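Have the model open while you read.

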Amino acid sequence: MPEMPEVEALGRFLEERLAGRAVARVYPVSVAALKTFEPPVTALEGRTFDGVTRHGKFLALRADGLYLVMHLARAGWVRWSERLPAAPPRPGKGPLALRVRLSAPDGAGFDVTEAGTQKHLAVYVVADPQEAPGIARLGPDPLSEDFTREAFAGMLAGERRQIKGVLRDQSVLAGIGNAYSDEILHAARMSPFKLAATLSEDEVTRLYTAVGATLAEAVERARGLAPADLKEGKRSGLRVHGRTGETCPVCGDTIREVSFSDSALQYCPTCQTGGKPLADRRLSRLLK
């Protein structure tokens, strides 16, 4: 799943290539991906791109007063091409959801795709990014100046959920998903199932520092990478997420996993849980 660092890098890549270029044609291949119908997606045709902004995991491509907003969900991506196929794409069961063809020079553009059978990709055409419901609900960006240690402590106060879930809640913090929440908690030496409201002042400080450092490092690693290289670039920088059975690079313990119905988390027992393996939530109460 692309998270904030990859979406940030993707946005910079697209802005460099789209600025000042006009839209020749828009092909809405998957009607299910379109979440707005007025104005129609074809209203982008003839308009010139003049900026790209990121809102959490959302990208907003501005074109003469309209925005093409995309949320890539779990398996979506944007594929750039200097020469798209000349023939219009046909609707079908493939991964292609949307194609944007540029003019001057003709043929360049990008495809918005989504792999797999579970389709959660969302595309909006709006006059203001805040008209996209997901953006309107977003919490602060963890790399913004407004995200202070005091603000973070206020978010956690009285929060009875486990800290892993709080970090992933987009209405609390925008842009953190399953992978980077694992990485942040490993850096903070904290169990993913500790209740947020029970964190000590020192633990809040450690976690706040880990959020900023982990995401800033990931953004820097992704800087300048082409979209095709971003997913592998993300994986290469992960220390625990997706590395079940491997050795923790900090302490040498074996990285463990807890599985859920549609996802899994990874952690290091020595670094995060005092050496105790976490129980599977499907079988027993998780350790705090």
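Buried here means under 20% relative accessible area, exposed means over 50%, and partly exposed is anything in between (1.4 Å probe, protein chains only). Helices (H or I, at least four residues) and strands (E, at least two) are DSSP runs, numbered from the N terminus. This is a predicted model, so local features need pLDDT of at least 70 and side-chain atom pairs count only at pLDDT 80 or more, while totals for chains, interfaces and linings use all residues. Residues are numbered from 1 along each chain as its sequence is written, and side-chain values use heavy atoms, with hydrogens and water left out.

Let's start with strand E4 (residues 66–71). Five of its six residues are buried, so E4 is largely enclosed by the rest of the structure. Two strands count as paired if DSSP finds at least two bridges between them, and E4 pairs with both strand E3 (residues 58–63) and strand E8 (residues 122–126). In the E3–E4 hairpin, two residues sit between the strands, and Asp64 takes a positive phi near 50 degrees.

| Strands | Bridges | One partner pair |
|---|---|---|
| E3 and E4 | six bridges | Phe58 and His71 |
| E4 and E8 | five bridges | Val69 and Tyr124 |
| E1 and E6 | five bridges | Arg25 and Arg101 |

E1 and E6 belong to an open sheet of four strands, with antiparallel pairing in the order E1-E6-E7-E5. Strands E1 (23–28) and E5 are at the edges with a single partner strand each, so one side of each has no neighbour in the sheet.

What lies across this sheet? Helix H1 lies across E5, E6 and E7. Contact means heavy atoms within 4.5 Å. H1 (residues 4–18) also meets helix H6 (residues 201–222): Met4, Pro5, Glu8, Ala9 and Arg12 in H1 touch Leu215, Ala218, Val219 and Ala222 in H6. By class, that contact has seven nonpolar, no polar and two charged residues. Ala, Val, Leu, Ile, Met, Phe, Trp, Tyr, Cys and Pro count as nonpolar, Asp, Glu, Lys and Arg as charged, and the others, Gly among them, as polar.

Last up is helix H7 (residues 227–237), where Pro227, Leu230, Gly233 and Lys234 are buried. Seen down the axis of H7, these buried residues fall within an arc of 100 degrees, so they line one face of the helix; the arc is that of the directions from the helix axis to the C-beta atoms. Ala228 and Glu232, on the other side of H7, are exposed. The cover over the buried residues includes H1, E5, H5 and H6.

Terms used. Axes are lines fitted to C-alpha atoms, for helices over the stretch in contact, and angles run from 0 to 180 degrees between N-to-C directions.
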